[in-house]
Amino acid sequence: MKRLVALLTVLCMMLCVVPAMAETATGTGTAKGYANGDVTVTITLTDGVITDAKATGVDQTAGIGEPYLTSQPEKMVKGNTINVVAVDAKTGATMTNNAILAAARLALENAGVNPDDYMTEYVED
């Protein structure tokens, strides 16, 4: 009987701890950017919030499209959205930006979530 009570106590303690654990999911997606080069985005979600995002790209123009590989993932984390694509008419980095969004959508799908849930408009502070 004491063993049963001890076992039930341990089970109750474990069940109380499980909800406190954060659920983490990571997904990666790849899309074609400038010069048909691959743009890959990896997104990590913790309890449904974007906590990390990274983008890499092959053949994205240095000084034009390439800077977006750093700035856009930072905005994704800051705004908890993948809708950060703001095409700068001066730079013409449209293809890289579109590839970042497409790859981010695939990354979220591969993480097991609906990308449309992360399409709220990003607002700069």
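The legends below describe close-up views of a predicted model.

**View 1. Packing of helix α2 against helix α3.** Helix α2, which spans residues 68-79, packs with helix α3, residues 94-110, at an angle of about 45°, and the axes of the two helices are 10 Å apart. That angle makes α2 oblique to α3, and the crossing in which α2 passes α3 is right-handed.

**View 2. Residues where α2 and α3 meet.** From α2, the residues Tyr68, Leu69, Gln72 and Met76 take part, and they meet Thr96, Asn97, Ile100 and Ala104 of α3. Sorted by class, the contact of α2 with α3 consists of five nonpolar and three polar residues, with no charged residues.

**View 3. The salt bridge of Lys75 and Glu124.** Side chains of opposite charge can pair when their charged atoms come close. The structure holds four salt bridges, and in one of them the side chains of Lys75 and Glu124 meet at 3.4 Å, N to O. This pair links distant parts of the chain, since Lys75 belongs to helix α2 while Glu124 lies in the segment after α3, 49 residues apart.

**View 4. The salt bridge of Arg105 and Asp116.** Here the side chains of Arg105 and Asp116 meet in a salt bridge of 2.8 Å, N to O. Because Arg105 lies in helix α3 and Asp116 in the segment after α3, the pair ties together parts that are 11 residues apart in sequence. Arg105 is partly exposed, with a relative accessible area of 25%, and Asp116, at 48% relative accessibility, also counts as partly exposed.

**View 5. The salt bridge of Asp52 and Lys54.** The closest N and O atoms of Asp52 and Lys54, which form a salt bridge, are 3.2 Å apart. Asp52 has a relative accessible area of 31% and is therefore partly exposed.

How values were computed
Residues numbered from 1 in each chain as written. Predicted model: local features only at pLDDT ≥ 70, side-chain atom pairs only at ≥ 80, totals over all residues. Heavy atoms only, no water. Axes fitted to C-alpha atoms, helices over the stretch in contact; angles between N-to-C directions. Helix = DSSP H or I, 4+ residues; strand = E, 2+ residues; numbered from the N terminus. Parallel < 35°, antiparallel > 145°, perpendicular 65-115°, else oblique. Left-handed = near helix turned anticlockwise from the far one by under 90°. Contact = heavy atoms within 4.5 Å. Nonpolar A, V, L, I, M, F, W, Y, C, P; charged D, E, K, R; others polar. Buried < 20%, exposed > 50% of the residue type's maximum accessible area, 1.4 Å probe, protein only.
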